[in-house]
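Subject: Model for your files

Hello,

Please find the structure below. My notes on it come after.

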Amino acid sequence: MKIEQLSLVHYRNITNQTISFTKDINVIVGKNGQGKTNILEAIHYCSTSRSFRVKDDKLCIQTNELLSRIIGQFQVNDYRKQLKVILNQEGKYLFENNKSFTTNKEFIGLVNTVLFSPNDLFLFDGSPKGRRKFIDTELSKLFPEYVESLFSYNRLLKERNSHLKLNVIDKDYISVLDNQMIQYSITINKFRFNFVQYLNKKCPQLFKNFIEEVDWSIQFQLETFIDKDDDAEILKQIYKQNLSKDIMFRSTQLGVHKDDLIVNINGQDIISIASQGQKRIMIIAIKLCLIEYIKEIKKEYPILLLDDVFSEIDEGKRKRFIEFLPKTCQTIVTTTDLSHVQLWEPNRYSVLIIENGQLAKE
């Protein structure tokens, strides 16, 4: 899977720019605030139908402009496809080869990217919502059944919470909603359990390859109200027993929307035992694991987006990180310092210099 060309019009600080990616490793160099991350954000948008930096799409439109456009030319499984995103003040419009989509879920996963960003520390230092978002984003790109179940569950959850805010609660209506939510919950957790199981299989060794000086027992755990073997009847009883609490709080207190991803080191939560540097290495190990997971599912590597990740680790770990990256995987790197990427052989990468939203030279 590769991106061959990216065309941006009125996207953040980029007025009108077409970028060609000519090698497997493409390095975008520039000072902070010049537009490096905007390029990665636009590529990632073609994979997920949303920004990884802001919730409001309108913030991606250049100041004083009415709309913004992203066009990506991709090669996927030996086929070329064009993905297009148009943003305006009313919403977004998504296209594949000029075919329009009415919902985001049809667009998600047409191409796959894996993003490494300094902001990824939210996985451990942030709330469970951030960790759920990570899992949901990655699984949605890979499994149409998952994204369909997630969309449907969230729609039912919104309806259930709205009904719980009424002065008179129809428990029969709540029960009907519960029965539908339970079916989607079982599907959602099946994929989440499998993903966590894969992390447990691959990630500990990847982490130890980076930090050889510690010998930790690492365990990933999905914290959820569902046991792996629970069936619909068991879950109906759980929902029923919890209804009085839901009515009191006027919202759904139990469900897969409360799940969390826990990483335990020697039986303790990584939040309490690991340094910031060790957490950062764990995130890198998780993302490297994700690359292989996507390869197993999709039979080809995703596009790697590395947003100033090398400034966060020392040269020794930088070298190991490059060694572990699949050599046939297209990689797009942003950096303020070209020396960070010179561990690659010079003939493997091209360099693009960006200044104030414009490519200055190659």
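This is a predicted model: local features need pLDDT of at least 70, side-chain atom pairs count only at pLDDT 80 or more; totals for chains, interfaces and linings use all residues.

Residues are numbered from 1 along each chain as its sequence is written, and side-chain values use heavy atoms, with hydrogens and water left out.

Sheet. Six strands form an open sheet in the order β2-β1-β4-β5-β6-β7, with antiparallel pairing. Strands (E, at least two residues) and helices (H or I, at least four) are DSSP runs numbered from the N terminus; two strands pair if DSSP finds at least two bridges between them. β2 (14-20) and β7 (99-101) are at the edges with a single partner strand each, so one side of each has no neighbour in the sheet. From one strand to the next the twist averages 15°. β1 (residues 2-11) and β2 run antiparallel and are joined by 6 bridges. In this sheet, L8 is opposite Q17 in β2.

Helices. D170 caps the N-terminal end of α5, with a side-chain oxygen 3.0 Å from the backbone nitrogen of D172 (a polar contact is a pair of N or O atoms within 3.5 Å, one able to donate a hydrogen and the other to accept it within protein; residues adjacent in sequence count only if both atoms are side-chain atoms). Helix α5 (residues 171-210) bends by about 40° at K202, and P204 follows within four residues. The bend is the angle between axes fitted to the seven residues ending there and the seven starting there. After α8 comes K299, with a positive phi near 65°.

Regards

Notes
Axes are lines fitted to C-alpha atoms, for helices over the stretch in contact, and angles run from 0 to 180 degrees between N-to-C directions.
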